[in-house]
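Look at the sequence and the structure below. The paragraphs that follow start from a single residue and then turn to a sheet.

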Amino acid sequence: MLSQIQRFGGAMFTPVLLFPFAGIIVGLSIVLKNPDFMGSLADTNSTFFQLMKILEEGGWTIFRNMPLIFAIALPIGLAQKAHARACLVVFLSYLTYNYFIAAMATVWGSDFGVDFSQAPGGVSGLTLISGIKTLDTSIVGAILIASLVTYLHNRFFDTKLPDYLGIFQGTAFIAILAFFAMLPCAWATLMIWPKVQAAISSLQGLMLASGTLGVWLYTFLERVLIPTGLHHFIYGPFIFGPVAVENGIMMNWAQHIQEFSQSTLPLKTLFPSGGFALHGNSKLFGSIGIALAIYITADEENKSKIAGLLIPATLTSILVGITEPLEFTFLFVAPFLFVIHAILAATMSAIMYSLGVVGNMGGGLIEIVSQNWLPMYNHHAYVMLTQISVGLCFTVIYFFLFKMLIIRFDLKTPGRNSEAKLYKKSDYKTKASRDTHPAGSLASRLIEALGGERNIEQLNNCATRLRVTVIDPMQIVGDQIFTDMGVHGVVRNGKAIQIIIGLSVPQVREECEGLLHI
């Protein structure tokens with residue numbers, strides 16, 4: 001069960017990778033249209049302003065179509081075969097689902113308690129999906145429909161029909177099944193979702209009322225669940241869904257950047273839900289302290305080697321907010337350090353929030369600068385100064401606390417001797433094969449280490465991890481063999497295996513699928 005949940009969480013990350021660039025484009029274009037920064041260049045009649053407006057509109061593409069993008073992207077991670085065809089049939093089914101909602105609401109809207117005569121947006125509970133006026137189910141509806149249709153695809157794609165019905169096999173058969181499945185889905189949505197919208201509205205009030213405590217709990221869970229891959233279910237509904245604010249924190253913040261940047265009211269007053277998007281600060285400030293502690297406590301003869309390991313991992317965390325390469329360097333040798341890391345990250349966010357720091361800061365430095373610091377500098381520089389001050393204080397806390405714990409408990413973090421362990425015969429065979437065939441690709445060595453092609457049942461990935469479901473976990477080699485290949489670590493949970501590779505994991509997965517003939 002956990003394996004399927006992790007696979008689902010990894011699939012959710014596919015569209016998430018598209019958002020940082022779009023956010024940077026929107027943030028920078030708004031800054032470059034601001035006369036406070038650009039002077040006469042930002043005149044509305046100037047060619048420069050018009051070009052920036054065009055760029056901004058392009059950047060809004062993803063934000064304005066988030067449900068559709070999630071619907072199309074999820075089958076990439078969830079489909080077990082014919083991924084492109086799965087994406088096509090999910091796209092078609094999701095549009096059909098919304099057309100059914102529109103038709104039912106037009107005919108029986110009053111019976112469902114839905115006033116379908118209202119204009120989309122605002123508090124109407126309605127929206128436009130590819131020009132279809134429908135209930136605003138946000139990414140929740142998209143994810144549920146995509147999951148259902150992908151299940152039908154996985155279950156029935158290979159169904160053999162009689163020859164005279166052969167034209168309806170494969171994708172066409174799934175589209176037919178999904179068409180009829182969308183009817184009860186649309187009806188159930190009209191019955192249930194208006195009540196869910198009311199509950200979400202109440203939940204938003206509860207989250208905001210919980211203030212600093214709510215921010216602490218949210219950030220702690222987002223960090224501490226990273227090893228399980230379940231953290232996607234924590235931040236996703238807040239950042240991209242309607243839990244904290246309508247349309248999600250990322251889109252809502254982007255929509256109001258211009259307004260907030262020109263207001264002299266405190267940002268916390270303008271955007272109180274922005275406290276639930278401060279978890280990126282631990283990626284920026286915490287990672288520096290952690291890396292320095294690991295480096296300082298490494299054996300003298302290993303420091304140059306450890307620096308080569310830590311510098312790219314730390315820069316990845318700081319600049320783009322991908323933390324696994326750094327966090328997994330200590331997670332496996334000292335899991336309690338990861339819990340302390342989560343506590344410190346949560347405390348940092350809570351203190352920042354209590355001092356008035358809010359915004360969209362879930363990513364790395366590039367996102368924080370382009371979407372927060374640059375646009376808000378003119379009237380809200382104090383927020384940036386507060387954030388940096390608190391963040392640097394926590395960098396120092398991270399460094400001294402991690403250094404003390406590593407030395408006090410003699411933790412075998414990278415560079416402090418090698419892991420002492422006995423190897424199985426399979427470990428030796430895999431290592432011998434690697435030494436005999438040094439030109440072998442990482443993908444081929446991973447397949448062999450996982451017990452070979454016949455032992456691999458499913459393959460998937462998130463931002464940095466290759467997620468594999470195996471048939472027999474006993475055929476997998478020891479962790480040290482994986483580490484010798486250059487990966488950052490392995491998470492084992494029964495048949496569900498996660499191999500931490502880094503940002504090149506999509507390419508590794510593609511090569512693995514090629515070797516496995518998937």
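Phe-179 is partly exposed, because its relative accessible area is 39% and partly exposed means a value between the 20% limit for buried and the 50% limit for exposed. The model is a predicted one. Phe-179 belongs to helix 8, which covers residues 171-224.

In general, the strands of a sheet are paired by hydrogen bonds of the backbone, and the pairing can be parallel or antiparallel. Here four strands make an open sheet with antiparallel pairing, and their order is 3-4-6-5. Strand 3 (456-461) and strand 5 (489-493) are at the edges; each has a single partner strand, so one side of each has no neighbour in the sheet. From one strand to the next, the twist averages 20°.

How many residues of strand 3 are buried? Five of its six residues are, so strand 3 is mostly covered, as buried means under 20% relative accessible area.

Strand 4 spans residues 465-470, runs antiparallel to strand 3 and is joined to strand 3 by five bridges. Ile-456 has Val-470 of strand 4 as its bridge partner, and Asn-461 stands opposite Leu-466 in strand 4. Three residues lie between strand 3 and strand 4, and the two strands form a hairpin.

Terms used
Residues numbered from 1 in each chain as written. Predicted model: local features only at pLDDT ≥ 70, side-chain atom pairs only at ≥ 80, totals over all residues. Heavy atoms only, no water. Pairing = 2+ DSSP bridges. Axes fitted to C-alpha atoms, helices over the stretch in contact; angles between N-to-C directions. Buried < 20%, exposed > 50% of the residue type's maximum accessible area, 1.4 Å probe, protein only.
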